[in-house]
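Dear colleague,

A short account of the findings follows it.

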Amino acid sequence: MALFKRRTAGKAGEWYYCLKHGTVEEGPECRAADRFGPYATREEAAHAMETARERNVEWETDPRWHEKGQGPGQGKSQE
(Lines give C-alpha, C1' and ligand atoms only; values in the text may rest on other atoms or scores of the structure.)
Protein backbone atom coordinates (compact mmCIF):
# COMPACT_ATOMS: atom_id res chain seq x y z
CA MET A 1 0.00 0.00 0.00
CA ALA A 2 1.49 3.34 -1.05
CA LEU A 3 1.52 6.00 1.63
CA PHE A 4 1.27 8.95 -0.71
CA LYS A 5 -0.91 7.60 -3.50
CA ARG A 6 -3.51 10.20 -4.25
CA ARG A 7 -6.22 9.98 -6.87
CA THR A 8 -6.59 13.13 -8.92
CA ALA A 9 -10.16 14.34 -8.60
CA GLY A 10 -11.69 15.66 -11.77
CA LYS A 11 -13.21 19.11 -11.95
CA ALA A 12 -16.37 19.76 -13.86
CA GLY A 13 -15.73 22.10 -16.77
CA GLU A 14 -12.09 21.06 -17.32
CA TRP A 15 -11.59 18.90 -20.37
CA TYR A 16 -8.65 16.65 -21.23
CA TYR A 17 -7.60 14.52 -24.19
CA CYS A 18 -6.36 11.07 -23.16
CA LEU A 19 -3.47 9.99 -25.38
CA LYS A 20 -3.67 6.38 -24.22
CA HIS A 21 -7.37 5.88 -24.99
CA GLY A 22 -7.84 8.56 -27.68
CA THR A 23 -10.84 9.98 -25.84
CA VAL A 24 -12.00 13.25 -24.31
CA GLU A 25 -12.47 13.29 -20.53
CA GLU A 26 -14.19 15.79 -18.26
CA GLY A 27 -11.84 16.21 -15.37
CA PRO A 28 -8.62 14.18 -15.35
CA GLU A 29 -9.40 10.49 -15.32
CA CYS A 30 -6.12 9.11 -16.66
CA ARG A 31 -2.65 9.87 -15.36
CA ALA A 32 -1.03 13.20 -16.30
CA ALA A 33 1.61 11.58 -18.54
CA ASP A 34 -1.17 10.18 -20.73
CA ARG A 35 -3.17 13.35 -21.35
CA PHE A 36 -3.21 16.86 -22.80
CA GLY A 37 -5.10 19.64 -21.07
CA PRO A 38 -6.92 21.13 -19.38
CA TYR A 39 -9.01 22.73 -22.10
CA ALA A 40 -11.92 25.11 -21.56
CA THR A 41 -14.33 23.17 -23.79
CA ARG A 42 -14.98 19.63 -24.95
CA GLU A 43 -14.41 20.76 -28.56
CA GLU A 44 -10.94 22.15 -27.77
CA ALA A 45 -9.99 18.86 -26.09
CA ALA A 46 -11.31 16.88 -29.07
CA HIS A 47 -8.92 18.80 -31.34
CA ALA A 48 -5.90 18.42 -29.04
CA MET A 49 -3.86 16.31 -31.47
CA GLU A 50 -4.52 18.74 -34.33
CA THR A 51 -3.50 21.66 -32.11
CA ALA A 52 -0.30 19.83 -31.13
CA ARG A 53 0.55 19.13 -34.80
CA GLU A 54 0.00 22.80 -35.69
CA ARG A 55 2.22 23.96 -32.82
CA ASN A 56 4.95 21.51 -33.86
CA VAL A 57 4.90 22.88 -37.42
CA GLU A 58 5.08 26.44 -36.09
CA TRP A 59 8.09 25.55 -33.95
CA GLU A 60 9.84 23.66 -36.76
CA THR A 61 9.49 26.63 -39.12
CA ASP A 62 10.20 29.40 -36.59
CA PRO A 63 13.40 31.23 -37.64
CA ARG A 64 14.08 32.20 -34.03
CA TRP A 65 14.69 28.51 -33.25
CA HIS A 66 16.53 27.55 -36.43
CA GLU A 67 19.17 29.93 -37.67
CA LYS A 68 20.38 29.69 -41.25
CA GLY A 69 22.96 26.96 -41.77
CA GLN A 70 22.28 25.18 -38.50
CA GLY A 71 20.15 22.19 -37.66
CA PRO A 72 17.29 22.06 -35.17
CA GLY A 73 18.27 22.82 -31.59
CA GLN A 74 21.69 24.20 -32.59
CA GLY A 75 21.40 27.91 -31.93
CA LYS A 76 24.32 30.34 -31.80
CA SER A 77 26.80 29.63 -29.07
CA GLN A 78 27.27 32.31 -26.43
CA GLU A 79 30.86 33.53 -26.32
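Is arginine 64 buried or exposed? Arginine 64 is exposed, its relative accessible area being 71% (buried means under 20% relative accessible area, exposed over 50%, and partly exposed in between, with a 1.4 Å probe and protein chains only).

Please note that this is a predicted model, in which local features need pLDDT of at least 70 and side-chain atom pairs count only at pLDDT 80 or more, while totals for chains, interfaces and linings use all residues. Residues are numbered from 1 along each chain as its sequence is written, and side-chain values use heavy atoms, with hydrogens and water left out.

Salt bridges

The whole structure contains 2 salt bridges (a side-chain nitrogen of Lys or Arg within 4 Å of a carboxyl oxygen of Asp or Glu). Arginine 64 pairs with aspartate 62, with 2.8 Å between the closest N and O atoms. Aspartate 62 counts as buried, at 13% relative accessibility. Arginine 31 is bridged to aspartate 34, where the closest N and O atoms are 3.0 Å apart. Here aspartate 34 is buried at 15% relative accessibility, whereas arginine 31 is exposed at 57%.

Arginine 35

Arginine 35 belongs to strand E3, residues 35-39 (strands, E, are DSSP runs of at least two residues, numbered from the N terminus). This arginine is buried but has no salt bridge; the nearest side chain of opposite charge is that of glutamate 25, 5.6 Å away (Lys and Arg count as positive, Asp and Glu as negative; His and the chain ends are not counted). A polar atom of the arginine 35 side chain lies 2.4 Å from the backbone oxygen of cysteine 30. The charged end of arginine 35 also sits over the ring of tyrosine 16, 4.8 Å from its centre (CZ of Arg, or NZ of Lys, within 6 Å of the ring centre and within 35 degrees of the ring normal).

Glutamate 25

Glutamate 25 is located in strand E2, residues 23-26, and is buried, with a relative accessible area of 4%. The side chain of glutamate 25 reaches the backbone nitrogen of cysteine 30 at 3.4 Å. Not counting residues up to four places away in sequence, glutamate 25 touches Glu14, Trp15, Tyr16, Cys18 and Cys30 (contact means heavy atoms within 4.5 Å).

A cis peptide bond

The peptide bond from glycine 37 to proline 38 is cis, with omega near 15 degrees. Proline 38 lies in strand E3. Between the C-alpha atoms of glutamate 25 and proline 38 the distance is 9.7 Å, and the two are 13 residues apart in sequence.

Yours sincerely

Key: Helices (H or I, at least four residues) and strands (E, at least two) are DSSP runs, numbered from the N terminus. A polar contact is a pair of N or O atoms within 3.5 Å; within protein, one must be able to donate a hydrogen and the other to accept it, and residues adjacent in sequence count only if both atoms are side-chain atoms.
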